Amino acid sequence: MISKFPLIFALALASLALAQEAHRYLHISTNPSYADAYVNSTRKNFAANPDISLPGYIEVPAGEGNVLVTIFKPGYRDTTINVTVSDKDTSYLIVSLSPSYDDVYLERQQKALSHRTRRNIGIKLAIASGVPLIASGIAALVTEYNIGKANDKKDLIEKSVIREGDEYARNLERYGEYRDDAESAKKVTVGTFIAGVALLGFGLILSF
């Protein structure tokens, strides 16, 4: 009988080798420190959020030997580099950034940062709009529920032959309560819906 152990061992080694190959990294730091990096991009508009903040690690997919990186730091020239990474483990790179003294260039950088800040605020507002919109939907369901209950009590009152007594009084009281609750829930529905739409609209405007 042929032992399966060598085959299992070989498969395990092959899987380990593939896993190591699939998780190669490129570590980039800059001088001076702290910058934004856009991976596999030569973008000129830096209003979009960076793919990674430096210093940091960039994962290199298996089978790829080069990584295109664009580095952005206010006050310094944008730097685009094509890095050849090691076949194994992690490659390390330190990039020296060149300062810029071009006022027009620096102003364009600041505009890109301001645009990025506005976009991020807009996205957060758009996401936050989900809270009042969900609350509006819940309040609408509560409104419908209370309207239904109020109508049920109203039908009982209108169909009641005896217009006095404890049961009749309780129905009147409950009808009033359901009607008031429905009116309150309706106001909440409208208010939260308007707030949600306002947040969403304002967020969408800022996010462009």
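This is a short tour of a predicted model, stop by stop, with something to select at each one.

**Before you start**

Residues are numbered from 1 along each chain as its sequence is written, and side-chain values use heavy atoms, with hydrogens and water left out. Because the model is predicted, local features need pLDDT of at least 70 and side-chain atom pairs count only at pLDDT 80 or more, while totals for chains, interfaces and linings use all residues.

**Stop 1: the whole chain**

Show the protein chain as a cartoon. Its secondary structure comes to 4 helices and 7 strands. Helices (H or I, at least four residues) and strands (E, at least two) are DSSP runs, numbered from the N terminus. Follow the chain along the sequence, and the pattern reads α-β-β-β-β-β-β-β-α-α-α.

How many of the 208 residues count as buried? The share is 28%. Buried means under 20% relative accessible area, exposed over 50%, and partly exposed in between (1.4 Å probe, protein chains only).

Now think about contacts, meaning heavy atoms within 4.5 Å. Of the contacts with a separation of 6 or more, 71% join residues 24 or more positions apart.

**Stop 2: the largest nonpolar core**

Select Leu26, Ile28, Ile58, Val67, Val69 and Ile71. Of the 16 residues in the largest nonpolar core, these touch the most other members. A nonpolar core is a set of buried Ala, Val, Leu, Ile, Met, Phe, Trp, Tyr and Cys residues joined through side-chain atoms within 4.5 Å. Two or more residues of this core come from each of β1 (24-31), β2 (35-39), β3 (52-54), β4 (56-60), β5 and β6. Strand β5 gives the most, with 3 residues. In soluble globular proteins, nonpolar side chains tend to be buried together.

Zoom in on valine 69. Setting aside residues up to four places away in sequence, valine 69 touches Ile28, Ala37, Tyr38, Ile58, Thr79, Thr80 and Ile81.

**Stop 3**

Select threonine 30, in strand β1. Threonine 30 counts as buried because its relative accessible area is 6%. Beyond its neighbours within four places in sequence, threonine 30 is in contact with Ala35, Leu54, Ile71, Val95 and Leu97.

The backbone oxygen of proline 32 lies 2.7 Å from a polar atom of the threonine 30 side chain. Look also at the peptide bond from asparagine 31 to proline 32: this bond is cis, with omega near 0 degrees.

Stay in that loop and select tyrosine 34. Its phi is near 70 degrees, a positive value in a residue other than glycine. Is tyrosine 34 buried or exposed? Tyrosine 34 is exposed, with a relative accessible area of 63%.

Next, jump to proline 55, in the loop between β3 and β4. The peptide bond from leucine 54 to proline 55 is cis, with omega near 0 degrees.

**Stop 3: serine 100**

Select serine 100, in the loop between β7 (90-96) and α2. Serine 100 counts as buried because its relative accessibility is 7%. Which residues does serine 100 touch, not counting residues up to four places away in sequence? They are Gly75, Tyr76, Arg77, Tyr105 and Leu106. Now show aspartate 102. Its backbone nitrogen lies 3.4 Å from a polar atom of the serine 100 side chain.

**Stop 4: the largest pocket**

Rolling a probe the size of a water molecule over the atoms shows where empty space is left. On a 1 Å grid over the protein atoms alone, a pocket is an open set of points where a 1.4 Å probe fits, with protein on both sides within 12 Å along at least five of seven lines; lining residues have an atom within 4 Å of a point.

Select Lys44, Asn45, Phe46, Asp78 and Arg108. Of the 17 residues lining the largest pocket, these lie nearest its centre. The elements giving two or more residues to the lining are β5 (66-72), β6 (79-84) and α2 (103-128). The largest share, 6 residues, comes from α2.

**Stop 5: alanine 139**

Finish in helix α3 (residues 130-159) by selecting alanine 139. Alanine 139 is buried, at 7% relative accessibility. Leaving aside neighbours within four places in sequence, alanine 139 is in contact with Ala185, Val188 and Thr189.

Note on methods: Polar contact = N/O pair within 3.5 Å; in protein donor to acceptor, adjacent residues only side chain to side chain.
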